[in-house]
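Student: Hi! I have a protein model open and would like to talk it through. Could you help me read it?

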Amino acid sequence: MVDLAALEPEQVGQLRVRGGVGGVSFQLDELVAGARQLEMLAGDLRDVELRLEGVRQGLIFAPFHAAATGPAAMTAVGEALSAWEAARSELEDLSRDVRMAHRDYEANEAAIAMQQAQGGLTPLHTFGLTRLAGEIPGSIAKPREITVAAGPARSIELDATPAGLLERARQLEGEPGAAVEVVRVERGGQPAYIVIVPGTRGGPMGGSDPFDMAGIAEGLGYNSVETIRAIREGLREAGAAPGSEVVAVGYSQGGIHAMNLAKDREFQGEFELKYVLTAGSPVGAVEADPNISSLHLEHRQDWVPITDGATGPDARNRVTVTLTDRVQTPEGEDHGLGPGHSLENYRDGAAELSGSRDPSVVESLGVLGGVVGVGGAATATTMALTRVPERKPQAPAQREVVTSRRQGGR
């Protein structure tokens, strides 16, 4: 039997990695593919056995005609036949063991998913979505059009590592109004674009800021339909042509919108989304396009990423890195959603990825680097986003009633 425990990636430093090329699911899928090849080889060996048996049958009477060489030929063919049979049997046993291991793994994953569905999450984990569902009226949560106003393009020095991209998200958080940033980089003579989406902001719920609490409902309940339209417009404003390669980066609520791009057919029909980076975002339940790579940062002290009740899938194209270091809110600062949800802590944790030798992390960072390189001179444009006011229904016009009195009437 295949030892499943031996396939689990080990924790390195403060990083615990799930999914990617080092994930159990991918390794078992590769083994199952190998098992199919072994079965094909076993079938070929069986054909050879039948031919050898035919030769052996033909040599039965050889000793009577060739007393000197007949017995030796019979012995050689018999030994060859036994060796082929042993090899075939070993290949079939190995293939069967691999398939049994794969079934056991899938059964365990199904049992874990069922446990979660039946209440495996603690009240703390479900607090965020329960509160959201209870506090946001349907009229406020319903998506509304978002307008986009492009600011002036400016030259920047880009650090294209996950830590550098999260630092840009941190700087975007300090903008006075709601905005996304579009960064244009040149890679191999062709431009690529990075879209950076911020986390949840304050302000009246359902107001003009699309990243208020109602924005979470739009992301989780409506697949970020209006935010994605605004991002598409922002990319066009920054000069992105149809087919341009795009990397999406999002923190907290912004990660929901960024990951929803990976399943939006209209967006993918216009642009080629290659990679998504999220930090502190509940995106485990998003069923993304399997051809799009993504890296998700979580922290063991951050409850926000698990408020959707799902863990990141163990898939080759999706890598989830959990930061396990202990963090705390500096004295005198606002506790907010807890130190585990701090963007600064996620940025600092992401800096450790560059030195990781985990195969899943190395492969994922390779995909990111293949799109945007390591950084350098780039052009950034801030896109101000505004949610249009809610249209209040107009009262129906009153009909003018004309009455007439008949002559001689009362």
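Tutor: Happy to! Let's start with a term: a residue is buried under 20% relative accessible area, exposed over 50%, and partly exposed in between (1.4 Å probe, protein chains only). This is a predicted model, where local features need pLDDT of at least 70, side-chain atom pairs count only at pLDDT 80 or more, and totals for chains, interfaces and linings use all residues. Residues are numbered from 1 along each chain as its sequence is written, and side-chain values use heavy atoms, with hydrogens and water left out.

Student: OK, so is Arg184 buried, exposed or partly exposed?

Tutor: Arg184 is partly exposed, at 29% relative accessibility. Its side chain meets that of Glu186 in a salt bridge, 3.1 Å from N to O. A salt bridge here is a side-chain nitrogen of Lys or Arg within 4 Å of a carboxyl oxygen of Asp or Glu.

Student: And how exposed is Glu186?

Tutor: Glu186 is partly exposed too, with a relative accessible area of 48%.

Student: How many salt bridges are there by this rule?

Tutor: The count comes to 14. One of them joins Arg232 and Glu266, with the closest N and O atoms 3.0 Å apart. Arg232 lies in helix H9 (residues 225–237) and Glu266 in helix H11 (residues 265–270), so this pair ties together parts 34 residues apart in sequence. Helices are DSSP runs (H or I, at least four residues), strands likewise (E, at least two), numbered from the N terminus.

Student: Are those two buried or exposed?

Tutor: One of each! Arg232 counts as buried at 15% relative accessibility, while Glu266 counts as exposed at 51%.

Student: New topic: which residues touch the most other members in the largest nonpolar core?

Tutor: Leu158, Leu166, Ile194 and Val321 do, out of 37 residues in that core. Such a core is a set of buried Ala, Val, Leu, Ile, Met, Phe, Trp, Tyr and Cys residues joined through side-chain atoms within 4.5 Å. Helix H7 (residues 162–173) gives the most to this core, with 5 residues.

Student: What does Leu158 contact, beyond its neighbours within four places in sequence?

Tutor: Its partners include Leu165, Val183, Ile194 and Val374. Contact means heavy atoms within 4.5 Å.

Student: Which residues are in the second core?

Tutor: That separate core has 31 residues, among them Ala178, Ala240, Val286 and Met383.

Student: Last one: which residues are linked in a network of salt bridges?

Tutor: Glu167, Arg170, Arg347 and Asp348 are linked that way.
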